[in-house]
Amino acid sequence: MASSQLNPAPHQMAKPGYGKRSTPDQLTRTANDFAHLPPREAAIAAYLDRVPDGTDISVKTLAKVLPYGQCALRTALNHLQRAGHLRRGSEHVIGSGSARWVTRTWFTRTARDDTWWAAFSRGDVPKEPSPRPTRSRAYILLAALGRTTPAMSLSAADCVELEPLVDDWFSLGATAQEVLHALTGGLPTPVHKPVSLARRRLSKLPPDRTPQAPPRPVLRALECALCGVPGPPEALPGGTCAECRGEPAPVRDTGGLSPAEVRTRAAEVRAAATRPTERTRA
């Protein structure tokens with residue numbers, strides 16, 4: 001069925017705080033966004049892309065508005081997850097004077113790989129690199145060097161060559177004044193090759209003084225699409241755990257707990273995180 005035949009209206013909204021959540025930094029919508037998917041999955045993905053955030057996209061609700069049964073919808077959503085368009089899990093929400101975890105279903109028209117989803121779960125979404133300015137801070141410093149120290153005048157080509165070395169100093173927390181002192185302090189007389197002298201001095205990097213960022217709290221937790229067991233993103237490639245993929249589960253130190261006890265504890269944590277509000281899952 002063509003995606004245009006699936007009318008996104010009317011929408012049934014989920015309970016406040018639940019339902020569909022769009023990921024940031026998606027590409028502009030085009031007619032070929034889901035051309036790489038099978039027809040059924042492409043039609044469902046196009047429908048999910050058009051409904052607003054907060055829409056209930058559980059299989060039970062989707063079965064009421066789409067011409068597919070719950071089993072077919074569940075299979076299609078798992079396919080969308082493997083293709084990088086969807087993930088399920090929970091998110092740490094702070095508000096109303098308290099912190100709580102709520103169930104989320106994230107959707108993206110732009111397919112994402114496992115590395116992107118891992119960064120997203122940490123709250124550190126990779127962004128497209130912004131265009132580099134015509135003249136960087138390092139280049140401007142080098143180009144202006146001859147104004148205060150004529151013996152260290154550099155050509156445009158010299159500035160381009162030395163620019164990455166000055167960037168290395170800045171990345172270690174050095175100030176512009178410190179770079180200038182390294183380039184102009186105690187100069188020999190005369191200076192025969194300013195660019196060679198500058199290259200030699202800049203190659204001796206200063207100590208790293210960049211402030212260490214404190215550990216970031218976990219923002220989102222992903223869950224296996226099939227069994228719902230939570231886990232770190234690297235343990236859920238394609239959104240499924242090793243056991244559901246038919247692979248041996250990695251050996252972990254669980255403090256002496258058996259696998260059954262671990263699953264029981266995980267279920268208790270999920271249940272406690274959602275009380276008293278009912279969970280709504282896709």
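Predicted model: local features only at pLDDT ≥ 70, side-chain atom pairs only at ≥ 80, totals over all residues.
**Exercise 1. Work out which residues of helix H8 are buried, on which side of the helix they lie, and what they pack against.**

Solution. We begin with helix H8, which spans residues 176-184 and in which Val 179, Ala 182 and Leu 183 are buried. The next step is to ask how these three are arranged around the axis: they cover an arc of only 95°, which puts them on the same side of H8. Turning to the other side of H8, we find that Gln 177 and His 181 are exposed.

**Exercise 2. Describe the protein as a whole, and state how confident the predictor is in the model.**

Solution. We start with the secondary structure, which consists of 10 helices and five strands. Next comes burial: of the 282 residues in the protein, 39% are buried, where a residue counts as buried if its relative accessible area is under 20%. The protein exposes about 16200 Å², and carbon and sulfur atoms supply 56% of this area. We then look at the contacts with a separation of 6 or more, and see that residues 24 or more positions apart account for 67% of them. Finally we turn to confidence, for which the average pLDDT is 82, with 79% of the residues scoring at least 70. Over residues 277-282, however, the pLDDT is below 50, although this stretch has 26 contacts in the model beyond near neighbours in sequence.

**Exercise 3. Find the salt bridges that involve Asp 49, and determine which residues they link in a network.**

Solution. If we count a salt bridge whenever a side-chain nitrogen of Lys or Arg lies within 4 Å of a carboxyl oxygen of Asp or Glu, the count comes to six. In one of them, the side chain of Asp 49 meets that of Arg 29, with 2.8 Å from N to O. Arg 29 lies in the loop between strand S1 (20-22) and helix H1 (39-50), whereas Asp 49 lies in helix H1, so this pair ties together parts that are 20 residues apart in sequence. The two partners can also be described by their accessibility: Arg 29 counts as partly exposed at 45%, while Asp 49 is buried at 7%.

The side chain of Asp 49 also meets that of Arg 109 in a salt bridge, at 3.0 Å from N to O. This pair links distant parts of the chain, since Arg 109 lies in the loop between strand S3 (98-107) and helix H4 (114-121), and Asp 49, in helix H1, is 60 residues apart from it. Both Arg 109 and Asp 49 are buried. Putting the two pairs together, we see that Arg 29, Asp 49 and Arg 109 are linked in a network of salt bridges.

**Exercise 4. Locate the salt bridge between Glu 161 and Arg 199, and decide how exposed its partners are.**

Solution. The side chains of Glu 161 and Arg 199 meet at 2.7 Å, N to O. Glu 161 belongs to helix H7 and Arg 199 to helix H9, so that the pair links parts of the chain 38 residues apart. Glu 161, with a relative accessible area of 38%, is partly exposed, and Arg 199, at 33%, counts as partly exposed as well.

Notes:
Residues numbered from 1 in each chain as written. Heavy atoms only, no water. Buried < 20%, exposed > 50% of the residue type's maximum accessible area, 1.4 Å probe, protein only. Helix = DSSP H or I, 4+ residues; strand = E, 2+ residues; numbered from the N terminus. Arc of directions from axis to C-beta. Contact = heavy atoms within 4.5 Å. Areas by Shrake-Rupley, 256 points an atom, 1.4 Å probe, with all protein chains shown as cover. pLDDT = per-residue confidence, 0-100.
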